[in-house]
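I opened this model to look up a few residues and helices, and I kept my notes in the order in which I checked them.

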Amino acid sequence: MAEGERQPPPDSSEEAPPATQNFIIPKKEIHTVPDMGKWKRSQAYADYIGFILTLNEGVKGKKLTFEYKVSEAIEKLVALLNTLDRWIDETPPVDQPSRFGNKAYRTWYAKLDEEAENLVATVVPTHLAAAVPEVAVYLKESVGNSTRIDYGTGHEAAFAAFLCCLCKIGVLRVDDQIAIVFKVFNRYLEVMRKLQKTYRMEPAGSQGVWGLDDFQFLPFIWGSSQLIDHPYLEPRHFVDEKAVNENHKDYMFLECILFITEMKTGPFAEHSNQLWNISAVPSWSKVNQGLIRMYKAEMGHKASDHQKAGSNGCFSDSWNIRAGLEPSLLSLCLYR
């Protein structure tokens, strides 16, 4: 939201959730394929999708260099991510026969597993301390799987759920919506890419050439929203190396394309066929709408498919993002 468009600050009654809120540790709720219907009919699903779409609208037509408000909570989240980044530097890869899945990642993850609640406590105010154990679960789920040493869109969704929970309990506010994407989520992407490269993490549940991307999905949605009504960049330009190199610092979508070309070799149409097909779509608005439809389908497919495989689907064992709050506080945060 631009500076001149900012809405008045909320009433004091909306500053914090009611004192009677109960918090619960997220647990596995998807055990069978029919459970997917329960998930898609849940308030959690509606809140999560609403959160994604609200942020999608908030960054529409804006560059990453757009001026936006940076609150104390946003700064604390960036500091949290900086800590995770520093731990990577302190945990170098080990020599091992296997090229992929460096076991040093498990050492790095063990540190997060031990410190997650302390990290979250630096972001959550003391009067909401009871929420910390619950919210910390989503942070731990958002960085990959320490057994398989892989990472995928389910882990990315857990980080989005982590941010959604912080909105629901009032830590993040309506004025934070652009900073959530441009400052916090963008920093998260940087840390995850560093993890992927440092420890040679495998894609979790990758569909190979038929998938949108091995690791991410949300930056393509929000990145395409950034590009809606761009004066000269069209979808066909993201497969143009010169256009990507000149504009990737302004647009998440193009930064994703740059990372793909750095990590993969060969013709783009062969290693990223889905994206190649998307480049033929006539407008960024249609790209954005199509990606949102794909994402909703992906959530259902991955949750059920990965559950049967015993691995991390969307939200893994922690899909219920109510954060123990009834009624939902998301509307107080983003839908005023």
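I looked up Trp-108 and, leaving aside its neighbours within four places in sequence, I noted contacts with Leu-84, Trp-87, Ile-88, Thr-91, Val-143, Leu-195 and Tyr-199, where contact means heavy atoms within 4.5 Å. This is a predicted model, in which local features need pLDDT of at least 70 and side-chain atom pairs count only at pLDDT 80 or more, while totals for chains, interfaces and linings use all residues. Residues are numbered from 1 along each chain as its sequence is written, and side-chain values use heavy atoms, with hydrogens and water left out.

Of its 96 residues, Trp-108 and Phe-253 touch the most other members. The largest share of this core, 12 residues, comes from α7.

Because 17 of its 22 residues are buried, α7 is largely enclosed by the rest of the structure. Just after α7, I found Arg-200 with a positive phi of about 50°.

For helix α8, residues 218–226, I noted that 9 of its 9 residues are buried, among them Trp-222 and Gln-226.

Last, I looked up Asn-247, which lies in helix α9 and is buried, with a relative accessible area of 7%. Leaving aside neighbours within four places in sequence, Asn-247 is in contact with Tyr-232, Leu-233 and Leu-254.

Definitions and conventions. Buried means under 20% relative accessible area, exposed over 50%, partly exposed in between (1.4 Å probe, protein chains only). Helices (H or I, at least four residues) and strands (E, at least two) are DSSP runs, numbered from the N terminus. A nonpolar core is a set of buried Ala, Val, Leu, Ile, Met, Phe, Trp, Tyr and Cys residues joined through side-chain atoms within 4.5 Å.
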